[in-house]
Amino acid sequence: MIAALAALAVGAIAPDMLPDMIVWDRYLLGAYVDVTFSSEPPSGRRALRFPTTTANKGDGPLELRGSTVNGGVQDVLQRIYRTDNTWWQRLAGTFIYHSNHSHVHFEDWTQFRLKQYLPGGGVGGTLRVGEKTSFCIIETTVYNSSLPGFNGPYGPYGCGQLQGQRPGRADTYGATLSGQYIDIVGLPDGKYWLEGEVDPNNNVLEKDETNNVTRV
């Protein structure tokens, strides 16, 4: 009897609708050689600049909500919806005010690496690493409008205390925004892998944690 009641209790919890975040390779292919800006001191260094688009291909929204303030940062709660419209929350990193962009960002959202391109397309060692970049995570770009939940009843998301993306939505940061670069001073012209990773610290709970790295 006790075992039967326990089974009923477990069965009463509806499945989670988790996000699945990726770095969209289509935008990384827009990388080009330029220089660092005045907001990236010292300015004028040779740099590989690139746009970044993170997309949600999961079953539910990525939803991030500001919580307790601790000094200069704010705890962030990830709200996870279930198939029966209930939800639960978990701690998932921090918000910080980004002075160059003049709004709140979710910290450590992406990181980029320049790697050796080996004969036959192999991936060699890491040559340069960009800083972990914070984002205001919103919906600026369509990734796949056919995904269930594309027009789901979530949000509205902005650059304040409620940020996120519904399934099939994406967020694009242009190559000219502060932080969208890797320093390549001293590296010769040639063929390299540009590798992007979303959520490198695994702060966010996702449907699939194995597809966060993209290379072009």
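A disulfide is a pair of cysteine sulfur atoms within 2.5 Å. This structure holds one. Cys-136 and Cys-159 form the disulfide, with an S to S distance of 2.0 Å. The torsion about their S-S bond is about -95°, so the disulfide is left-handed. Cys-136 sits in the loop between β11 (133-135) and β12 (141-142), and Cys-159 sits in the loop between β12 and β13 (162-165), so the pair ties together parts that are 23 residues apart in sequence.

The model is predicted: local features need pLDDT of at least 70, side-chain atom pairs count only at pLDDT 80 or more, and totals for chains, interfaces and linings use all residues. Residues are numbered from 1 along each chain as its sequence is written, and side-chain values use heavy atoms, with hydrogens and water left out.

Burial comes next. Buried means under 20% relative accessible area, exposed means over 50%, and partly exposed lies in between (1.4 Å probe, protein chains only). Cys-136 is buried, with a relative accessible area of 1%. Cys-159 is partly exposed at 27% relative accessibility.

Now the whole chain. Its secondary structure comes to two helices and 17 strands. Both are DSSP runs numbered from the N terminus: helices are H or I with at least four residues, strands are E with at least two. The C-alpha trace spans about 70 × 45 × 30 Å along its principal axes. Of the 216 residues in the chain, 44% are buried. The chain exposes about 10,400 Å², and carbon and sulfur atoms supply 55% of that area. Accessible areas come from the Shrake-Rupley method with a 1.4 Å probe; for residues, only the protein chains shown count as cover.

Contact means heavy atoms within 4.5 Å. Take the contacts in the chain between residues at least 6 apart in sequence: 65% of them join residues at least 24 apart.

Start with Thr-54, in strand β5 (residues 52-56). Thr-54 is buried, at 0% relative accessibility. Not counting residues up to four places away in sequence, its contacts include Ile-22, Trp-109, Phe-135, Arg-169 and Val-198. The C-alpha atoms of Thr-54 and Glu-139 are separated by 9.8 Å, and these residues are 85 residues apart along the chain.

Glu-63 belongs to strand β6 (residues 62-70). Glu-63 is buried, with a relative accessible area of 1%. Its side chain makes a polar contact of 2.8 Å with the side chain of Tyr-81. A polar contact is a pair of N or O atoms within 3.5 Å; within protein, one must be able to donate a hydrogen and the other to accept it, and residues adjacent in sequence count only if both atoms are side-chain atoms. Leaving aside neighbours within four places in sequence, Glu-63 also touches other residues, among them Leu-77, Arg-79, Tyr-154, Tyr-157 and Leu-162.

Glu-195 lies in strand β16 (residues 192-198). Glu-195 is buried, with a relative accessible area of 4%. Its side chain makes a polar contact with the side chain of Arg-113 at 2.8 Å. Another polar contact, of 2.6 Å, joins the side chains of Glu-195 and Arg-215. Beyond neighbours within four places in sequence, Glu-195 is in contact with residues including Gln-111, Phe-112, Lys-115 and Val-213.
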